[in-house]
Amino acid sequence: MASKNAVGLDIGTSSIKVAHVKESSKGVQLLAFDTVMLPPDTIRDGVILNAPLLAQRIAEVFAINKIRQKQVAVSLSGHAVIIKKISLPEMTVAELEDSIQWEAEQYIPFDIKDVHVDFQIIDAQAGQGQMDVLLVAAKKAVIEELCDVVRAAKLEPVLVDVDAFALYNAFELSFPVPQDETIALINAGASTININVVSGGMTSFTRDITVGGNLLTEEISKQFAVPWDEAEHMKTTSETTLSMSGVLREVQRISSRVSEVLVSEIQRSLDFFAATAVSADISAIYLCGGAALQPGLIEGLERRLGTPVRALNPFNNLIVDPKRFDAALLQRMAPIAAVAVGLGLRRQGDR
Ligand SMILES: Nc1ncnc2c1ncn2[C@@H]1O[C@H](COP(=O)(O)OP(=O)(O)OP(=O)(O)O)[C@@H](O)[C@H]1O
Ligand SMILES: [Mg+2]
């Protein structure tokens with residue numbers, strides 16, 4: 001293997017996750033995984049509001065975990081990225097590289113000068129002399145801002161990926177990718193839900209819904225007239241004091257209602273996919289993200305979509321040294337780890 005894996009650095013709205021892996025002939029070994037919480041308003045609506053604090057927390061998590069690898073892979077999501085499946089006349093990769101910027105212009109609602117354009121060929125021979133290409137465009141200013149934070153933490157950003165693709169990388173490592181089925185990978189975070197629909201082992205649709213677990217925190221904070229931190233605590237705990245006072249039941253009731261809202265949003269996106277796709281029948285949903293733990297979400301998805309929901313655990317196939325990691329703790333962190341692990345599978349120079 002040419003170069004070492006970059007450290008996967010997933011900068012989420014509620015927490016940072018880092019995953020360092022080593023690929024060898026034996027498999028993929030986990031060297032480090034950790035997360036560090038971010039105060040609310042460090043990042044809001046995908047915008048970094050407190051860059052110095054963010055950089056400081058990133059530097060800390062690297063120091064605490066003694067990660068010496070400086071090269072990191074980060075990712076974007078939400079409004080900063082546009083991913084579209086487009087159809088182009090068949091051409092070589094070199095020709096596509098030359099023309100993609102120009103081809104992209106008609107699909108991008110921003111000035112083409114302000115975006116970085118990339119692509120992935122989905123089907124080189126889609127028929128009638130056409131090829132299917134996944135067009136990926138990201139705002140340069142957002143990429144720069146993210147890279148600046150990473151550099152401020154004395155690290156080197158070597159790769160900027162997209163959450164939805166990192167999710168797929170993590171999935172691919174952990175599960176056999178079904179070649180004749182369509183599945184949906186869903187990462188429900190604090191402020192964004194990433195969806196990646198994979199048909200025959202290729203991404204055929206992605207969508208980032210800009211809503212997530214924060215909606216429940218807001219709702220609890222409003223209903224109980226408590227500050228954000230307390231609402232966050234109430235939703236992630238099931239202590240006896242809560243359950244005895246009946247608060248827990250009320251939290252669960254609010255949660256089920258909010259989960260229905262998230263399920264409706266997901267359903268709307270998948271309906272949109274189904275309306276445009278050839279093989280639209282989704283056989284399974286692989287779900288992760290912290291908001292996947294919120295009562296009512298899994299049940300709601302299964303009921304409304306009639307599709308089995310499975311946990312996307314990115315540690316499934318990783319070699320984990322029991323002397324280095326607490327297995328139970330790692331399993332608890334598994335739902336939020338997918339993007340970081342997916343990023344950790346990348347190397348400098350990867351597309
Ligand atoms: N046990 C739990 N029950 C309900 N919600 C939970 C639980 N654990 C975590 N969450 C919620 O999951 C969310 C955090 O998930 P995650 O770490 O995947 O998001 P993020 O990556 O920080 O955010 P984003 O990707 O949207 O920027 C928070 O809203 C948190 O309250
Ligand atoms: Mg996230």
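1. How many residues lie between S2 and S3 in the hairpin that they form? There are two residues between these strands; strands (E, at least two residues) and helices (H or I, at least four) are DSSP runs, numbered from the N terminus.

2. The model is predicted: local features need pLDDT of at least 70, side-chain atom pairs count only at pLDDT 80 or more, and totals for chains, interfaces and linings use all residues. Residues are numbered from 1 along each chain as its sequence is written, while chains are lettered from A and ligands numbered from 1 in the order in which they are written.

3. Strand S2 (residues 15-24) runs antiparallel to strand S3 (residues 27-37), and 10 bridges join them; pairing requires at least two DSSP bridges. Within this pair, valine 21 faces leucine 30 of S3.

4. An automatic or database assignment divides the protein into domain 1 (1-81 + 141-175 + 313-351) and domain 2 (177-311). Their C-alpha centres are 22 Å apart.

5. In domain 1, 20 residues are in contact with 23 residues of domain 2, contact meaning C-beta atoms, placed from the backbone, within 7 Å. Helices H4 (163-174) and H10 (327-344) each supply at least two residues of this side of domain 1, and the largest share, six residues, belongs to H4.

6. Around ligand 1 there are 21 residues, of which Gly12, Thr13, Gly189, Gly213 and Gly290 come nearest; the criterion is a C-beta atom, placed from the backbone, within 6 Å. Both domain 1 and domain 2 contribute at least three residues to this shell. Helix H6 (228-236) is among the contributing elements and gives the most, three residues.

Note on methods: Two residues are in contact if their C-beta atoms, placed from the backbone, lie within 7 Å.
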